[in-house]
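Hi,

Here is the structure I said I would pass on.

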Amino acid sequence: MSPAASFGTTDAKLLDGVLVLDMSQFLSGPFSALRLSDLGARVIKIERPDGGDLCRRLYLSDTEIGGDSTLFHAINRGKESFAADFKNPADVEAVRRLIAQADVIIQNFRPGVIERLGLDFPSAAAINPGIVYASITGYGDEGPWKLRPGQDLLAQARSGVMWLNGDDDQGPVPFGLAIADLLAGNAVVQGILAALVRKGRTGIGAHVETSLLEALLDFQFEVLTTHMNDGGRLPVRSSFRNAHAYLSAPYGVYKTADSWLALAMTPLDRLSPLLGLPEIGGLPPEAAFTDRDGIKRIIAERLATRPIAHWLAILEPADIWCAEVLNWPTLYESDGFKLLDMLQTVKREDGVSIRTTSSPIRVDGMRRHMAVAAPRIGEHNARLRQEFALDG
């Protein structure tokens, strides 16, 4: 296959014929449903008629498109919307009829809520024994934290992950992304796909579960394993240019005369002649750990004297693991990014148009793009009621 073909577009739908009911809101559950949609599944979003998914009003900036936040558009593109009032018995019955015909349900209600609605896994399995049912919570459905808000920043705070970021004197530093939501969403997708494989062989459904906390603990498996088998010693972040609490100098990000340079794992004796720093070349290997900050300060002072192009021209041919730190505008202009074809424009019949990312998954060397934007609340009620005979 030619390099150009490997980054083409495709209409391949690996999950063609799979019907997903997205009964979740905010980010983790809707993200799971989005990824299944990218793989070809049909996703019907079940939301309240009075305002819909709360994410519609969760703004990352003051930008609003078609009455909804950009965040809502980003994770709900390509879905259909069925508005249902769970206090209305007729609407609940309509949802039950959808469950009877669905393959997958995703929900992230706080523990106890879905049971009160009578739409929990045992209830859904009684309607549809082959259902693959996915639940995402903040901290599991048992224990003292089960009713605490399952919000990304709060999950990060409870997970220990904030003590890995930033420099040693900064205190806890959160990630600038909703990593708990996205990691939990990805974990659930893996479970759903495995459950669908078993369902295809046996007809037996499954209840797939995870939580934001579990996903964050799994995210830290490398450093947690080190901690638990290293006498319980806590990691110590570098106080200067920290990039990983456990890794030695020169691992970090450094200012050049006109930009920033990331340096990964590199033996000091290899780096020394390239930077013209003989004073770090003859150090014993353990010094990269014991004098981590001092060595990084010497490297930083040297790198700040010349522009990024100068250093890349020296380091890259020598196979030193390094990269310029790009911001979004410079990323968009790079050939490597353009070849990936990761952006797309999705549209809706009412004129809404939004530029967003595409699926990160390529199938047979091709990426599937989607033309349809996120739905209006209940946009597809009439058609779905007729198609699935939801009115009895």
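Strand E2 (residues 19-22), helix H1 (residues 28-38) and strand E3 form a right-handed β-α-β unit. Right-handed here means that, with the strands pointing away from you, the path from the first strand over the helix to the second runs clockwise. Helices (H or I, at least four residues) and strands (E, at least two) are DSSP runs, numbered from the N terminus.

Before you read on: this is a predicted model, so local features need pLDDT of at least 70 and side-chain atom pairs pLDDT 80 or more, while totals for chains, interfaces and linings use all residues. Residues are numbered from 1 along each chain as its sequence is written, and side-chain values use heavy atoms, with hydrogens and water left out.

E3 has parallel partners on record here in E2 and E6. E2 and E3 are joined by four bridges and run parallel, with valine 20 opposite valine 43 in E3. Four bridges also join E3 to E6 (residues 80-83), again parallel, and there glutamate 47 pairs with alanine 83. (Strands pair if DSSP finds at least two bridges between them.)

E3 (residues 42-47) is largely enclosed by the rest of the structure, because five of its six residues are buried. Buried means under 20% relative accessible area, with a 1.4 Å probe and protein chains only.

As for the whole protein, there are 17 helices and 16 strands, and buried residues make up 45% of the 392 residues. The C-alpha trace spans about 80 × 50 × 45 Å along its principal axes.

Cheers

Note on methods:
Buried < 20%, exposed > 50% of the residue type's maximum accessible area, 1.4 Å probe, protein only.
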